[in-house]
Structure formats: structure tokens, C-alpha cells
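Have the structure open as you read.

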Amino acid sequence: MTLRHLEIFVAVADHGSMSGAAHALYIAQPTVSQAVADLEHTYQVRLFERLSRRLYLTPEGQEMLGYARHILASVDEMERRLQDAAGRPLLRVGATITVATCLMPAILSRFEADHADTRVNAWVGNTRSIEERVLSSRLDLGFVEGEASSPDIRSVPAREDELILVSSPAHPLASRGVITAHDLQGMDFVLREPGSGTRALFEQYLKDYRVRIEEKWTCNNSEAIKNAVIGGQGLTVISRLLVQRELNERLLVRLPLQERRLTRRFSLILHKHKYLSPSLESFLKVCRAG
């Protein structure tokens, strides 16, 4: 077995097909098939099952995937550390939209002021996409508002955030004062895309009170959400940090929920086997400092 065998195996697992892995790695499909066959022969286990023209990991394949990702991430980490020794270290940081909009600029400014020798590349996406990139070692660290689902992720609580229900001042509920969950039944909403931590928390709230809403807009951009709500397209639940200016200017109105406050913690997520370099440890401290 070689590292190339593991790279091919991980690519097949990620793409769900031999052809997809071959395309991603710029190699011939027979080469991919042979690599998987070599691994299965070496360990005398079946790594994939074929169902409806797609490949799915067997339990043994799932276990091997965790080890393969760790081995490849360790090699990548070693190469980057040795390369960094001859130049400026690089940190690859992922942030969700709320974190990137409200927290990350100040965090990066504070970190870079004391660590001018370290470069930081930031990538913005939802919680699910950031978790995937942390698992595949394309990011060193994620700063997210949702919960990581993989057992290979280590989550470190960082800061608290509050989600609030808001509307335009002209919305029928804007003058109602305190709102119950059942007041939201059948209402039009502007929501974040699936995979968003904001959406996941609100969906759990609706499920707890057996309320169904109408999802009129689906957005992966906070400005689009705010503008849609200001324009009367529906209600939304959003981080208070993102709408403080609009609330102050009365472009949006907060509708207090009777049953509970929707609070959550922003978390820092890393691969559980991630090596904490001095620069990464320093960045973690800045993120948690408040």
C-alpha cells in the first residue's frame, strides 16, 4: 500500500464513483479500479458496495476512510511545516457567514498585529462545507455557528450568539408584541440554505412546537436575507449581530419569542488529530478571547 492508494481510495469515497475519482485526480479509470482492488486484496475486505450505479462505503471502508484521511492529513501537515520553516507559516481558516461578517475581521486584525510572520487565508461557507474541508485537511480550523457531526472533529466552544425573529415594520406581526411559536404557523419566511447552523437551530425550534412555515426564499447571503425581509417578503430568524444596525434604524423590528431565547455558541472545529502549531495555538487564543 502506498500514499497514492490512499489518495485514490479517499477520492472514490468522496465522489461515490470510480469515474468521479478519476476525473478529480486526472488519471485513467482503470488505475482507480486497480488501486481499490489492491487495497481490498491486501486487507481481504470489501471497501465499497455498488447500489444504483453509485459506490457506498462498507463498515470496513468507513473505518479505513478515517485512518486514510488522518494519514494523508499528517503527511500534508509535515510538508507544510517543513515548507513553512523556510518562509512564512500559513493558516487556512474557515468561517461561517455570521462569523465572517461580524467577528473575523477584528480577529484577523488582532492576530496579524502580533504575528506578522504568519499568513492567514480565510474561506467563507456554511457549517457543513467547513466541516468537510476540515476533515479533508483543506482547512486547518473552522469557526462555525453550528454543531459538527463527524466523530473525527474536535469542537471547542468560543462565544455565545443569539438568534432573533425579525420582520419589516409593516408586517402584521410587527405590532403584536410577544410572539408565540404558533403565531408563525403558515407564515412566509426567508431562510438560510440547508447546512447552515442558523437554519438548523430554527428548524429544531419549529419541530419542538410542531409548527409549519412557508419557505418563500432560500439564501446563503445575509444581505440578501435582510433586504428581502425589509422589502416585506417574510420573516426571518437571524443572528442579532447581523441586524443591529437595521434594528437601530427601524428598518427591521424584533419580535420577541414567548417560549424561549434561541441561543447558541460559536465553536472552533479542528480535526481530532490536528497538530497544534504555535501559530495555530495563538490563533485559537485570539478567537476565544472575546
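How far apart are the mean positions of the positive and negative charges of the protein chain? They lie 3 Å apart, with 37 positive and 35 negative charges counted. Bear in mind that this is a predicted model.

Now for the overall build. The protein chain has eleven helices and eleven strands, and its C-alpha atoms fill a box of roughly 70 × 50 × 30 Å along the principal axes. Of its 290 residues, 48% count as buried. If you look at contacts with a separation of 6 or more, 73% come from residues 24 or more positions apart. The chain exposes about 15,000 Å², and carbon and sulfur atoms supply 50% of that.

On to the rings: the structure holds six aromatic pairs. One of them, Phe143 with Phe266, is edge-to-face because the planes sit at 90°, with the ring centres 6.3 Å apart. This pair ties together distant parts of the chain, since Phe143 is in strand β5 (residues 141–144) and Phe266 in strand β11 (residues 262–271), 123 residues apart.

Another pair, Tyr205 and Tyr209, is tilted, with 5.3 Å centre to centre and 55° between the planes.

| Residue | Relative accessible area | State |
|---|---|---|
| Phe143 | 0% | buried |
| Phe266 | 1% | buried |
| Tyr205 | 0% | buried |
| Tyr209 | 24% | partly exposed |

The charged end of Arg133 sits over the ring of Trp123, 3.8 Å from its centre, while that of Arg54 sits over the ring of Tyr56, 5.9 Å from its centre.

Technical notes: Residues are numbered from 1 along each chain as its sequence is written. This is a predicted model: local features need pLDDT of at least 70, side-chain atom pairs count only at pLDDT 80 or more; totals for chains, interfaces and linings use all residues. Side-chain values use heavy atoms; hydrogens and water are left out. Helices (H or I, at least four residues) and strands (E, at least two) are DSSP runs, numbered from the N terminus. Buried means under 20% relative accessible area, exposed over 50%, partly exposed in between (1.4 Å probe, protein chains only). Contact means heavy atoms within 4.5 Å. Accessible areas come from the Shrake-Rupley method with a 1.4 Å probe; for residues, only the protein chains shown count as cover. Lys and Arg count as positive and Asp and Glu as negative; His and the chain ends are not counted. The place of a charge is taken as NZ of Lys, CZ of Arg, CG of Asp or CD of Glu. Rings of Phe, Tyr and Trp (its six-membered ring) pair if their centres lie within 6.5 Å; planes under 30 degrees apart count as stacked, over 60 as edge-to-face and the rest as tilted. A charge sits over a ring if NZ of Lys or CZ of Arg is within 6 Å of the ring centre and within 35 degrees of the ring normal.
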